[in-house]
Amino acid sequence: MTDESIVLMSDRRLLVIPVIECGEPLFDLRKVPELALDDRQADDAGAYARLRIGLVDRLLSVQELLPAERRLLIVEGYRPLALQQHYFSRYAARLRHDNPSWSEEHAHIQASRSLAPPEVAPHICGAAVDLTLIDTGGAELDMGTPVNAGPEESGGACYTHHPAISSEARANRRLLAQAMSAAGFINYPTEWWHWSYGDRYWAFATSASAALYGPLEWPVA
Ligand SMILES: C[C@@H](N)C(=O)N[C@H](C)C(=O)O
Ligand SMILES: [Zn+2]
C-alpha cells in the first residue's frame, strides 16, 4: 500500500462526516483483568486506560478470537484533547524544521501519517486504541517495529503492509489484523498498532452515515 492509496487523517472528507454522539461512557481498563494493560503511556489520572465501553466489549471478543497462547497488550486508549494538540503541533513543527522547503499545509498532511489532527482525532473520543500482542509470559511479539515508531525512525516499517519486515512479524501483524477486523475495528494503515471503532475514520472506511463517538472532555464531568 503506497502513501497515495492511503486515506490520511488529514483528508478533508473525514471532516464532513457527521457525529451522532451515542453517549456511551468511558470505561476504565484497569478494572478489566482479562485485558493486559501496559503503562508506557500512563498518566497520573489514568486517562490512557479509558475507552468507550463498546470498544472494551469488542476487545474482549478479539481476545476470544486469538489463539490461547496470545493476548492483547493495550498501550493507550483515551487521550485528552490538550495532549493530542501538543503531540500533533510538536510533530508538525519538527517536520517543518527538518524539511524547511515544506509548506505548512504539506507538513500538516505529513504529520497526519503519525498523529491525527485534533479536529478528527479518534483517541480524544475514546474510540481508538493502540495495542500489540504478547505471549503467555507477557513478552511482546515481534511486530516489525515497536508500538509508536514513526515513519522516519522505522523507515516506513510502521505501515501495516510494509514489505520490509520479517515473515514472523508479518504473520503476527496478520493475526492481530484478522482478530481486530473480525470484531469491527478499522486500522490506520500507517500504524499497525492503531485501531478504531465508531469514530470518523471508521465511518469513512465502513461507509457508515455518521460516527458514533465525538470528543469527550477530560476529566469527565
Ligand atoms: C500517536 C499514535 N499512536 C496515534 O495514536 N496516532 C493516531 C493517528 C492518532 O493520533 O489518532
Ligand atoms: Zn492510536
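I74 stands opposite L131 in β5. This pair belongs to a predicted model, in which local features need pLDDT of at least 70 and side-chain atom pairs count only at pLDDT 80 or more, while totals for chains, interfaces and linings use all residues. Residues are numbered from 1 along each chain as its sequence is written, and chains are lettered from A and ligands numbered from 1 in the order in which they are written.

β4 and β5 pair in the antiparallel sense, over 5 bridges; two strands count as paired if DSSP finds at least two bridges between them. Strands (E, at least two residues) and helices (H or I, at least four) are DSSP runs numbered from the N terminus. On β4, 5 of the 6 residues are buried, so the strand is largely enclosed by the rest of the structure. Here a residue is buried if 20 or more other C-beta atoms lie within 10 Å of its own, exposed if 12 or fewer, and partly exposed in between, with C-beta atoms placed from the backbone.

β4 also pairs with β2, in this case parallel and through 2 bridges. A36 has L73 of β4 as its bridge partner.

Taken together, 5 strands form an open sheet of mixed pairing, in the order β2-β4-β5-β7-β6. β2 (36-37) and β6 (186-188) stand at the edges with a single partner strand each, so one side of each has no neighbour in the sheet.

Two helices lie across these strands. Helix α2 (residues 53-65) lies across β4 (71-76) and β5, and runs at about 150° to β4. Helix α6 (residues 167-182) lies across β5, β6 and β7, at about 130° to β5. Contact between residues is taken as C-beta atoms, placed from the backbone, within 7 Å. The axes are lines fitted to C-alpha atoms, for helices over the stretch in contact, and the angles run from 0 to 180 degrees between N-to-C directions.

Ala, Val, Leu, Ile, Met, Phe, Trp, Tyr, Cys and Pro count as nonpolar, Asp, Glu, Lys and Arg as charged, and the others, Gly among them, as polar.N148 is found in the loop between β5 and α5 (151-154). The phi of N148 is positive, about 70°, although N148 is not a glycine. With 17 other C-beta atoms within 10 Å, N148 is partly exposed. S207, in the segment after α7, likewise has a positive phi, near 60°, and is a residue other than glycine. S207 counts as exposed, with 6 C-beta neighbours inside 10 Å. P219 also lies in the segment after α7 (200-206), and the peptide bond from W218 to P219 is cis, with omega near 0°.

E191 is placed in strand β7 and is buried, with 21 other C-beta atoms within 10 Å. The UniProt annotation "active site", from an unreviewed entry, covers E191.

Terms used:
UniProt positions renumbered as here; feature names shortened; annotations may be inferred.
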